[in-house]
Amino acid sequence: MTSVPQFTFSPAALSFDEDFAAARRKSRLSWIIGLIIFAVLFALTSWMSDFFKYTQMTMSDGSRQWGWVIPAGIPRLGEFIVKMIPDLHWATLGADIANWFWRLDIWLWLLLETILIAFMATVIGVTGALILSFPAARNLSPRPWLLWITRRYLEICRTVPDLVWALIFVYCFSVGPLAGVLAIAIHTTGALGKLYSEAIENIDMRPLDGVKAAGGSWFDQCRFAALPQVMPNVLSYTLLRFEINVRSSSIIGYVGAGGLGQEFRVAMSFQEYTDLSALFVITCATVMTIDWLSGILRHRVIGMERT
Amino acid sequence: MRMEQQPLILTSLTRRFGETCAVDGVSLTIAPGQFVGVIGRSGAGKSTLLRLINRLIDPSEGRITHGEIEVTKLKGFALRQWRRDCAMIFQQFNLVERLDVLTNVLVGRLAGHGPLDSLLMRFTDAERTIAISALDRLDLASQALQRAGTLSGGQQQRVAIARALVQEPKIMLADEPIASLDPGNATRVMDALRSINRDDGLTVLVNLHTLDTARSYCDRIVAMRAGRVMFDGTPRQMTDDVVRDIYGAEGLAEFNESVTSTAAAPARPRVPA
């Protein structure tokens, strides 16, 4: 006969059963509520975005038919890709590629412009973000009203999309890369200012006391005690932002703010699909190269931190 | 140099944090060149007192004067000058670990520089010479270009003392400078403070947790309890009864001073318990 082990429970241990059951009930309830909210949001968005739209469409042979938009539209994606594939033959490959990239001299020039827009915008944006991130950090801001103003300013900078900034600046400074630089720079200031100030809010405050007790001003405390602590984060965020800015500047020309984007617009409006694919190849290759290089640099920065 | 001869006078100095009164009506006159130890339980207001003197925090009531200077009324540039004249070292050293030792020491010269120098971390050759000689005095000249974070606790505290020295201060405040150190390093740090006091003639005000250290290094001991000064006298006058009173060890049959000790063999034989 096996003996059943006898436990004597303290009142605290006995009440565990109840507490456990209550915790389970609570967790189940929050799951159910979460699922309902998700389902409602999903239904709402799919209705608004015509995800399940069933409608009458013109088919390629000219007839009208009822159908669900998604399966009807997917073959069109194939058509688009086929249109973009250039006419390449093995025998005349060199000439065909030259024909495909027929505007290469202009495109390369615009590509350079794209990268320079991103570079310049990153430089200006980082400068603005660094200056504003100290008053925008809760632990360092010298005055509450300054904290409020810098935070609101950074919010405005980053919540307005860079394409909208570009539209505004094209109106102010006419078509060209200047509008693109300013648009991306402002967006960068807003986005990086938030990231920098959050890094500053996580620093160790004791070195700041050390600098202050030695007679250092607020600026001295920021420069000598705060900045060295956030420098690795600042470098890493900045490189990441440069990658993002190259992507932004390659499309910002669509609204006339300089760079390759204007060629996308021209190719789209003239329905030059092989030009589009050539531009995609150039842009992808550039963005990938820059991502790769800045990734190496970023890991160097992180690696330096570990030693 | 005239200022060196001036006493530091605290008059009913009070600091409240919400409901609690960290420092409660403290009046003290500290003669120039004295080595004063401040003792008391954790939370007795020792740190707050030192921070008030350096003006890292502002008093709720009362005043501090140093000669003709009304310390509690200083603002802006004059306040920074006061902080430079009244150097402070901390329990956790408060160095910038990611900067090299030399730059950490040069922070002590910042009060004389404008923002542009500060932005570029620009100092004069003369200042670097002062910094290196201060480091050399504390046996750290060979570590000058190392990152401060790579040094041991005892070395970091000596870097902090070097930073305080290059401020060319009149008064040296030390907030539990040896509480995070092992006995050997604690002794080196206390000996450095003693040398600053005796050889350079600086007034030293040091918060201590360890009674035997206070007895062996200080000319005068000020004991605090609940923000008030409970005892003010020479180490000799601090009897066991006084110690029990300060630490509230009434219930303990025997209060053993050596338990609180972190310093290595004291320089002077302890008064037998």
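This is a predicted model: local features need pLDDT of at least 70, side-chain atom pairs count only at pLDDT 80 or more; totals for chains, interfaces and linings use all residues.
1. Chain contact. Chain B brings 24 residues to the contact and chain A brings 18. On the side of chain B that touches chain A, two or more residues each come from helix H2 (76-85), strand E6 (86-89) and helix H4 (115-119) of chain B. H2(B) gives the most, with four residues. By class, this side of chain B has 12 nonpolar, seven polar and five charged residues.

2. Main core. The largest nonpolar core holds 126 residues. Those with the most contacts inside this core are Ala183(A) from chain A and, from chain B, Val105(B), Ala162(B), Met172(B), Leu173(B) and Val204(B). Leaving aside residues up to four places away in sequence, Ala183(A) touches Asp162(A), Trp165(A), Ala166(A), Phe169(A), Ile252(A) and Ala257(A).

3. Sheet in chain B. Four strands form an open sheet in the order E2-E1-E4-E5 (chain B), and their pairing is antiparallel. At the edges are strand E2 (20-30) and strand E5 (69-70) of chain B, each pairing on one side only. Strand E1 (residues 8-17) of chain B pairs with strand E4 (residues 61-66) of chain B over five bridges. Leu8(B) has His66(B) in E4(B) as its bridge partner.

4. Helix on the sheet. Helix H1 (residues 46-54) of chain B packs on this sheet and touches E1, E2 and E4 of chain B. The direction of H1 makes about 60° with that of E2(B).

Technical notes: Residues are numbered from 1 along each chain as its sequence is written. Chains are lettered from A and ligands numbered from 1 in the order in which they are written. Two residues are in contact if their C-beta atoms, placed from the backbone, lie within 7 Å. Ala, Val, Leu, Ile, Met, Phe, Trp, Tyr, Cys and Pro count as nonpolar, Asp, Glu, Lys and Arg as charged, and the others, Gly among them, as polar. A nonpolar core is a set of buried Ala, Val, Leu, Ile, Met, Phe, Trp, Tyr and Cys residues joined through C-beta atoms within 7 Å. A residue is buried if 20 or more other C-beta atoms lie within 10 Å of its own, exposed if 12 or fewer, and partly exposed in between; C-beta atoms are placed from the backbone. Two strands pair if DSSP finds at least two bridges between them. Axes are lines fitted to C-alpha atoms, for helices over the stretch in contact, and angles run from 0 to 180 degrees between N-to-C directions.
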